[in-house]
Amino acid sequence: MQRLSGLDASFLYLETPSQPLHVCSILEVNTSTVPGGYSFERLRDDLGARITSIPEFRQKLADNRLNLDHPAWVEDDTFDIDRHLHRIALPQPGGRVELSDICGRIASDPLDRSGPLWEMWVIEGLAGADARMVVMTKVHHATVDGVTGADVLARLCGMEPDMSPPEPVEGPGDARWVQLAVSGLVNFATRPLRLVSVVPTTVSTVVDIVRRVRSGRTMAVPFRAPRTPFNDAVTRRRTVAYTELDLEDIKKVKNRFNVTVNDVVMALCSSVLRRFLLDRGQLPDTSLVATVPVSVHDKSDRPGRNQLSALFTRLETQIADPAERLRAIERVNSVAKEHSSAIGAMLLLDWAQFGARALLAPALRLYTSTGLVRRPVHNVVISNVPGPQVPLYFLGCRVHAMYPLGPVVHGTGLNITAMSLTGKLGVGIIACWELVSDVWRLADEFETALKELLDATA
């Protein structure tokens, strides 16, 4: 068996019917490139062949009441691909509204924990596109983060339509309930010993934060974000929209202002959110605050599939001029990155090991049942994941676009995730329907926001 890390398990403990914690991707693919021609049955067989090299797709959770530690991954001996791969046709006329409605419904439903925590939906019937279809993937956050999710997707894809599947990879095996309980008891009993190394690091980090606050060199502070319509308790219903931008245009802005691609993406999100709230007369006087997940895979020696830290940064939405706003975002991002690095990449991972389900679930109930949920930790989650810049073929189908969708959580009913792929930037937007029902208004503003920055480069 393979024990979940504390951070991996926290996505299980914090999941509720109204807060499913999975990540999704919408892939637009062209089936005309499939060797021998496309059929759903052939795609199913090819997927089954590749799953032999993806142990994450063959593992299920093992847990029992006597286990005092986090659950474990074990091989699912009864794995059946038909429980995970689904086929559906779009209702007419098969446009983006119908597609986003279907994707929103799929994203609303939690995954079945009795088997491997993933689903794949083949969506056919796109309007005016005989050779095109959409594949939507849904994987629990306990299984993948942005980096490991991209790695899993890479094992389903190739740079040629007829690439052979990778070599099979063994899974973690099985675990008896006694083994799970005994090893869990040992881990639970020795857990306090790990505080010896974690507490001193935490104390020094707190001292450093105090110094930074006094000198003004700190990132945005949690629970200081202004109220917006999308900062409240969420319901189960999700709504989805997406857009695609030219990566070369984004790089043109990056080079003109001497900033990073991530700075430009943050500025685009800032402009979109500013316009969205301004049109409704709900733009706060102070800046919106975004949480940006940060991968620490290259720095971590800790176990677990989620290797994440996070930084809080201001979106400077109170600034009207797009160019001035971008420059301000670059400055606050630099401070936030410096502060995040000073905290230490491993601190969140280490403390997550002590987060027991007996504490996290009641804490979430307290947060959602009191006025705390209306005092947002942050306003929005924004992720930017670099992807491959070479043509990709998903099970033989040429990938034309990819739109990632992150989780929506209580207090923050909006998530914007971007991923670059072969010269394009796909932006996926997911929200709680009751808090943001018109997400297409957000998606359609991205082109306008990019044009404003391009005009500023002239």
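On a 1 Å grid over the protein atoms alone, a pocket is an open set of points with protein on both sides within 12 Å along at least five of seven lines, and a cavity is a set where a 1.4 Å probe fits but cannot get out; lining residues have an atom within 4 Å of a point. Grid points are joined across faces, edges and corners, and a volume is the space filled by probe spheres set on the points. The model is predicted, with local features requiring pLDDT of at least 70 and side-chain atom pairs counted only at pLDDT 80 or more, whereas totals for chains, interfaces and linings use all residues. Residues are numbered from 1 along each chain as its sequence is written, and side-chain values use heavy atoms, with hydrogens and water left out.

The second largest pocket holds about 250 Å³ of space. It is lined by 15 residues, of which Asp101, Arg237, Arg238, Thr239 and Trp433 are the closest to its centre. Helices (H or I, at least four residues) and strands (E, at least two) are DSSP runs, numbered from the N terminus. The helix α3 (96–108) gives the most to this lining, with 6 residues, and β9 (238–246) and α11 (439–456) each supply at least two. The lining comprises 5 nonpolar, 5 polar and 5 charged residues, where Ala, Val, Leu, Ile, Met, Phe, Trp, Tyr, Cys and Pro count as nonpolar, Asp, Glu, Lys and Arg as charged, and the others, Gly among them, as polar.

Helix α11 also packs against α7 (residues 261–279): the axes come within 8 Å and cross at roughly 120 degrees. Axes are lines fitted to C-alpha atoms, for helices over the stretch in contact, and angles run from 0 to 180 degrees between N-to-C directions. The contact (heavy atoms within 4.5 Å) includes Val264, Leu268 and Phe276 of α7 and Leu442, Phe446 and Leu453 of α11. Its residues divide into 12 nonpolar, 2 polar and 5 charged.

For α6 (residues 247–257) and α11, the axes come within 9 Å and cross at roughly 40 degrees. Among the contacting residues are Ile250, Val253 and Phe257 of α6 and Leu450 and Leu454 of α11. This contact has 7 nonpolar, no polar and 3 charged residues.

The structure holds 2 cavities of 30 Å³ or more. The largest cavity contains about 50 Å³ of space, and its lining includes Pro20, Arg238 and Ile430. Strand β2 (residues 22–30) gives the most to that lining, with 3 residues. The second largest cavity contains about 40 Å³, and β14 gives the most to its lining, with 4 residues.
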